[in-house]
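Thanks for coming, everyone. Have the sequence and the model open while I talk.

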Amino acid sequence: MRRDTQRLIFLLLPAGIFFAAFFLLPMARLFFIGGSGKTGWSAYAAILTDANYLNSLFATLSVAAATTFATLVISGISGVFLQRHKFPGNGALVAMLTFPLAFPGVVIGFMVIMLAGRQGLIGQITEFLTGDKLVFAYSLTGLFMGYVYFSIPRTILTVMAAAEKLDPKLEEAARSLGASPWRVVLDVIIPGLKPAFISAGAICFATAVGAFGTAFTLAARINVLPMVIYTEFTLSANIAMAAALSFVLGAATWIVLAVARTAAGSTVAAAG
Amino acid sequence: MKHRGLFLLQLGFTLLVCAFLIVPVILSIMAGLTVNYFIGIESGLTLRWVFEVWNGYRDTIFLSIGLSLACLVVTLVLGVPTAYVLAKRQTALTRAIEELLVMPVAVPGLATALALIVTYGALSGFRTSWAFILVGHALFTLPFMVRSVLAVLMAIDLQTLEEGAASLGAGFWQRFRDIVLPNCRAGILAGSLMVVTLSMGEFNMTWLLHTPFTKTLPVGLADAYASLRLEIGSAYTLVFFLMIMPLLLAMQAYAKPRAPKFVAEDSE
């Protein structure tokens, strides 16, 4: 038994060393570098005290919240629908809805440009209809659209898996007691899907807060935190500030996910 | 008949969502094959842009393939033994280890990349080699391998299988090789597909970790989007689609999404 434990520790060793050397140590170093700039440890408070950072924090959180809400509504409706109604073509629809699962943020940004960019489809249609070209890809709205695009596939998979486990008897009982379809949705389906909504929502939120590729493709002017960190690091060479901001950002997303995990059971978050 | 209306309404909504996801993909594929996207498909179809991408960005494609395979080897060597230990011993300590391992996925890639740069950026031989990117990719993909293998190991009765083998005289390493590894084949396969796909598309970290000589495919994509004409960006995206498509199809065929299983457990 003792020998077995020794062997298990031995098996864990390679991953342990790798992880300590390339994640724990660098993160600790990032933390200290964050406090080593000309403003010292107050760099960690700058995200709240500096008006610019506070604004971008606010923009980041708003986009993330809007993304989470829109994604949950969209995926909730389509996910439950596709799980409940097996009609010819159902599989094809599911395959299409999950196809963008592996797109990196940069590609998502490009998809938004194809839809709402200067030569995009929405621009062409609105120009044809009203004479005015509607272009919103290079703004917060475009970013929001990109994050929703990114989040729908993974959220739909989670919702469908959870909807499969819902007991149809509960809905029948509610209906036989005279509940309208709307009341069934509110009182039976949504509470039943709550754990899935919490965990999928947390992942949407965390990815939207920390993602970088989509904003990078759309425009350097979009004022969200990851872009601010990138600018501090490359253009201003303010490494201490970049370190402090990214440490705060990392800690915040990790906390969001950890809280959601305890509330809803565990999942692996996929930030692309 | 009220139900029929509700059904059609939901179907219509779902079709709209599908269109939102798929139409830009089709537009981009078309743009990559059109002579002049601004004029439209009437300007004719061409493979010129795809060839230009091949000539200009071939290296990024090979680097990405090489990186994702190297990343697979690293995650297999580190991840499979880890998953085995986590399955054998379920204590507060192993749960904490599992929690820690997932952190590089929860923490934004930008932060991890910065941390790596401030710690190892001065080692110029390492900083400028593709191994620097590999480290980032392995950190990010390792939890997916561990989770995938762990899920399979938890579903089988490992204890009984191992005791049976041990009673027949099999030692620890023989059991690991002949009992454990063959039994988690499905998990290893699912995890491998996930790792290769994620590594192929990783951008958040790679953008900071790369150097002009170690550009991966997504880095090249970002370059092309920013500086070249729409048709070339589209053709490049088309190449990317062609590369991940087989991986995605294989994933859908072999690996039913496992993550949601954890989600629903608490609701019961």
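A crossing of two helices is left-handed if the near helix is turned anticlockwise from the far one by less than a right angle, and right-handed if clockwise.

Ground rules. This is a predicted model: local features need pLDDT of at least 70, side-chain atom pairs count only at pLDDT 80 or more, and totals for chains, interfaces and linings use all residues. Residues are numbered from 1 along each chain as its sequence is written, while chains are lettered from A and ligands numbered from 1 in the order in which they are written.

Now the helix pair. Two packed helices are described by the angle between their axes and the distance between the axes. In chain B, take helix α3 (residues 92-106) and helix α6 (residues 130-155). Helices here are DSSP runs of H or I with at least four residues, strands are E runs of at least two, and both are numbered from the N terminus. The axes of α3(B) and α6(B) lie 7 Å apart, at an angle of about 130°. Axes are lines fitted to C-alpha atoms, for helices over the stretch in contact, and angles run from 0 to 180 degrees between N-to-C directions. Under 35 degrees counts as roughly parallel, over 145 as roughly antiparallel, 65 to 115 as roughly perpendicular, and the rest as oblique. So α3(B) is oblique to α6(B). And the handedness? The crossing of α3(B) and α6(B) is left-handed.

Which residues of α3(B) and α6(B) meet? From α3(B), they are B:Leu101, B:Val102, B:Pro104 and B:Val105. From α6(B), they are B:Leu139, B:Phe140, B:Leu142, B:Pro143 and B:Val146. Contact means that C-beta atoms, placed from the backbone, lie within 7 Å. By class, this contact has nine nonpolar, no polar and no charged residues. Nonpolar covers Ala, Val, Leu, Ile, Met, Phe, Trp, Tyr, Cys and Pro; charged covers Asp, Glu, Lys and Arg; the others, Gly among them, are polar.

Stay on helix α6 of chain B, where B:His137 sits. Is B:His137 buried or exposed? B:His137 is buried, because 27 other C-beta atoms lie within 10 Å. The cut-offs: buried is 20 or more other C-beta atoms within 10 Å, exposed is 12 or fewer, and partly exposed is in between. Leaving out residues up to four places away in sequence, B:His137 touches B:Leu67, B:Cys71, B:Ser199 and B:Glu202. B:Glu202 is 65 residues from B:His137 along the chain, yet their C-alpha atoms are separated by 7.4 Å.

Next, the two chains together. 73 residues of chain B are in contact with 83 residues of chain A. On the chain B side, helix α1 (residues 2-33) gives the largest share, 14 residues. That side divides into 52 nonpolar, 14 polar and seven charged residues.

Over to chain A. It has 12 helices and zero strands. Of its 272 residues, 51% are buried. Its C-alpha atoms fill a box of roughly 75 × 65 × 30 Å along the principal axes.

An automatic or database assignment sets the domain bounds. Chain A is divided into domain 1 (1-34) and domain 2 (49-264). Their C-alpha centres lie 33 Å apart. Four residues of domain 1 contact five residues of domain 2.

Last stop, A:Ser42, in the loop between α1 (2-34) and α2 (46-49) of chain A. A:Ser42 is exposed, because 12 other C-beta atoms lie within 10 Å.

Definitions and conventions. Two residues are in contact if their C-beta atoms, placed from the backbone, lie within 7 Å.
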